[in-house]
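I opened this notebook to keep track of what I looked up in one structure, going from the whole chain to single residues.

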Amino acid sequence: MKNKDENSKKDIQEEKLSPDISLLRSAVFWDTDINKIDWQKQKRAVIQRVFERGNDFERDVITHFYGSETINRILNEL
């Protein structure tokens, strides 16, 4: 049985629908309204864009948001 802290942590992660966009330069997403990105449905495009045009810090932000496993899987598919 999971304890209350583990359940709370999982709930917080599930509620986190987007990264902190204040940490991402709008220039990386110059051709779209960053506030209208569906970060779950468009994660492949987001990851590709950030890893092609973002800086190291932005890559870290996206890796923290999606997780290393997801990042590595998607980058290997490109």
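How many helices and how many strands are there in the protein chain? I found four helices and zero strands, where helices (H or I, at least four residues) and strands (E, at least two) are DSSP runs numbered from the N terminus. Read from the N terminus on, the elements run α-α-α-α.

Before going on, I noted that this is a predicted model, in which local features need pLDDT of at least 70 and side-chain atom pairs count only at pLDDT 80 or more, while totals for chains, interfaces and linings use all residues. Residues are numbered from 1 along each chain as its sequence is written, and side-chain values use heavy atoms, with hydrogens and water left out.

**Entry: the chain as a whole.** I looked up burial, and buried residues make up 26% of the 78 residues in the protein chain; buried means under 20% relative accessible area, exposed over 50%, and partly exposed in between (1.4 Å probe, protein chains only). The chain exposes about 5900 Å², of which carbon and sulfur atoms supply 47%, the areas coming from the Shrake-Rupley method with a 1.4 Å probe. For contacts (heavy atoms within 4.5 Å), I noted that 48% of those between residues at least 6 apart in sequence join residues at least 24 apart.

**Entry: the core.** Which residues have the most contacts inside the largest nonpolar core? This core has 15 residues, and the ones with the most contacts inside it are L24, F29, W39, V46, I62 and Y66. Helices α2 (43-53), α3 (56-66) and α4 (68-77) each supply at least two of its residues, and the largest share, four residues, comes from α3. A nonpolar core here is a set of buried Ala, Val, Leu, Ile, Met, Phe, Trp, Tyr and Cys residues joined through side-chain atoms within 4.5 Å. I then followed W39, which, not counting residues up to four places away in sequence, touches L17, S18, P19, I21, L24, F29, I34, V46, I62, F65 and Y66.

Entry: Is V50 buried or exposed? V50, in helix α2, is buried because its relative accessible area is 0%. Leaving aside neighbours within four places in sequence, V50 is in contact with V28, F29, E58, R59 and I62. The C-alpha atoms of V50 and F29 are separated by 8.6 Å, although the two residues are 21 apart along the chain.

R44 also lies in helix α2, but I found R44 partly exposed, with a relative accessible area of 38%. With residues up to four places away in sequence left out, R44 touches I74, E77 and L78; R44 and L78 are 34 residues apart in sequence and 9.0 Å apart in space, C-alpha to C-alpha.

R53 has its place in helix α2 too, and, with residues up to four places away in sequence again not counted, R53 touches R25, V28 and W30. From C-alpha to C-alpha, R53 and V28 are 6.1 Å apart in space and 25 residues apart in sequence.
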